[in-house]
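Please read them alongside the sequence and the coordinates.

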Amino acid sequence: MKHSNISIFVPHIGCPNMCSFCNQHTISGTQKAPTAEKVMAVCTQALGEVRSPENAEIAFFGGSFTAIPQDYMVSLLETASEFVGKGKFRGIRISTRPDCIDTQILCILRKYGVTSIELGAQSMVNHVLESNDRGHTAEDVFRACRLIRAEGFELGLQMMMGLYKSTESDEYETFEKIIYIKPDTVRIYPVVILKNTRLGELYKSGEYKTFSFDEVVNMVSAFLTSFEKNGINVIKCGLHASEFVENDMVGGFYHPAFREICESRIYRDKISQILARKTGKNRDFSFAVSPTCISKAVGQCRANINYFREKFSGCNVKIIGDIGVKKYDVELRG
Ligand code: SF4
């Protein structure tokens, strides 16, 4: 059964500083901090509308949930916790900063039914964190992850790619450290440069140059495959489609079908590697993939099929579905 979130944004109010890329008002599309009454109204409405509440979680996203004034945080959690339990929602998830986690905070979260904690790690390289005004270090992420794990919460990590001063080797270092931590879930956000941010100013002045779209797609497709192989669930890849983001972005890697593009690239590369080794006269090939991935292997508007025809002297590739083939794997069938 598909998992869903009842999302409630708590914009920016808990942040001790302003990260280089952040314009929370644009991301959340709202400027108001929710009240306990608002949480009550959202949850009541959702409970009446969501088909399988037992597969849904109340999700406090946005700012730095555990850094907001504690009385206010407890008032939101207290209200949300009334909607968790038998016949109601499965649990509560929150997102926060790695330096805003300690045992006392975890104790409060547990008391009110929080089940999952996501940390905005963004990068695991200290010079990148510093250059982007994150106000925490990679060691803070390791420490917070250890505490969260020790207390039995589900752990999620968010990484942001293409930040100011981040090189390809920095991106791989972040990725490898996340694999080492082995969170339950990961969100990959290729950077989107927004108006009214420091990153936006650096970009406008020419001081900040980042990767090409293609370079990011190549890296993300490699990361997706490895996360999958390591049993880490990538629950988001690319910023969700929003008119606020589309209006306020000045650069970066926003595409409404970003994940689909990266997954298509995985199939393009894997099939290309096999075709490159085929030297005989036969130019017709069938590849089996997981049935849920056929459209990704074919590519948007048959982009991959056309690519194979052009790159490998007119060869015809047919994609078939086979439930025996794992996600992101391909098998040559003839
Ligand atoms: S911690 Fe998150 S919400 Fe706060 S300024 Fe940084 S990115 Fe924005």
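1. How close do the axes of helix H2 and H3 come, and at roughly what angle do they cross? In this predicted model, the axes of H2 (residues 36–49) and H3 come within 9 Å and cross at roughly 25 degrees. Angles under 35 degrees count as roughly parallel, so H2 is roughly parallel to H3. The crossing of H2 past H3 is right-handed.

2. The contact itself is made by Ala36, Val39, Met40 and Cys43 on the H2 side, which meet Ser75, Leu76, Thr79 and Ala80 on the H3 side. By class, the residues of this contact are 6 nonpolar and 2 polar, with no charged residue.

3. Lysine 86 sits in the loop that runs between helix H3 (70–81) and strand E3 (91–96). Is lysine 86 buried or exposed? A residue is exposed if 12 or fewer other C-beta atoms lie within 10 Å of its own; lysine 86 has 5 such neighbours and therefore counts as exposed. Threonine 35 is 51 residues away from lysine 86 along the chain, and the C-alpha atoms of the two are separated by 25 Å.

4. Glutamine 122 has a positive phi, near 65 degrees. Strand E4 (residues 114–122) contains glutamine 122. The residue is buried, because 26 other C-beta atoms lie within 10 Å, where the cut-off for buried is 20 or more.

5. Serine 313 also has a positive phi, near 40 degrees. Its place is the loop between helix H13 (303–311) and strand E11 (316–321). With 9 C-beta neighbours inside 10 Å, serine 313 counts as exposed.

6. The domain assignment divides the protein chain into domain 1 (4–256) and domain 2 (263–332). The C-alpha centres of domain 1 and domain 2 are 34 Å apart. Domain 1 contributes 6 residues to the contact and domain 2 contributes 5. On the side of domain 1 that touches domain 2, the residues divide into 2 nonpolar, 3 polar and 1 charged.

7. Helix H9 (residues 213–229) and helix H11 (residues 258–276) have axes that come within 8 Å and cross at roughly 75 degrees. That angle makes H9 roughly perpendicular to H11. From H9, the residues Val217, Asn218, Val220, Ser221, Leu224 and Thr225 meet Ile261, Cys262, Glu263, Arg265 and Ile266 of H11. The contact of H9 with H11 holds 6 nonpolar, 3 polar and 2 charged residues.

8. What is the angle between H11 and H13? The axes of H11 and H13 cross at roughly 25 degrees and come within 10 Å, so H11 is roughly parallel to H13. H11 passes H13 in a right-handed crossing.

9. In the contact of H11 with H13, the H11 residues are Ser264, Tyr267, Arg268, Ile271, Ser272 and Leu275, and they meet Ala303, Asn304, Tyr307, Phe308 and Lys311 in H13. These residues divide into 6 nonpolar, 3 polar and 2 charged.

Conventions. Residues numbered from 1 in each chain as written. Predicted model: local features only at pLDDT ≥ 70, side-chain atom pairs only at ≥ 80, totals over all residues. Domains from an automatic or database assignment. Contact = placed C-beta atoms within 7 Å. Nonpolar A, V, L, I, M, F, W, Y, C, P; charged D, E, K, R; others polar. Helix = DSSP H or I, 4+ residues; strand = E, 2+ residues; numbered from the N terminus. Axes fitted to C-alpha atoms, helices over the stretch in contact; angles between N-to-C directions. Parallel < 35°, antiparallel > 145°, perpendicular 65-115°, else oblique. Left-handed = near helix turned anticlockwise from the far one by under 90°.
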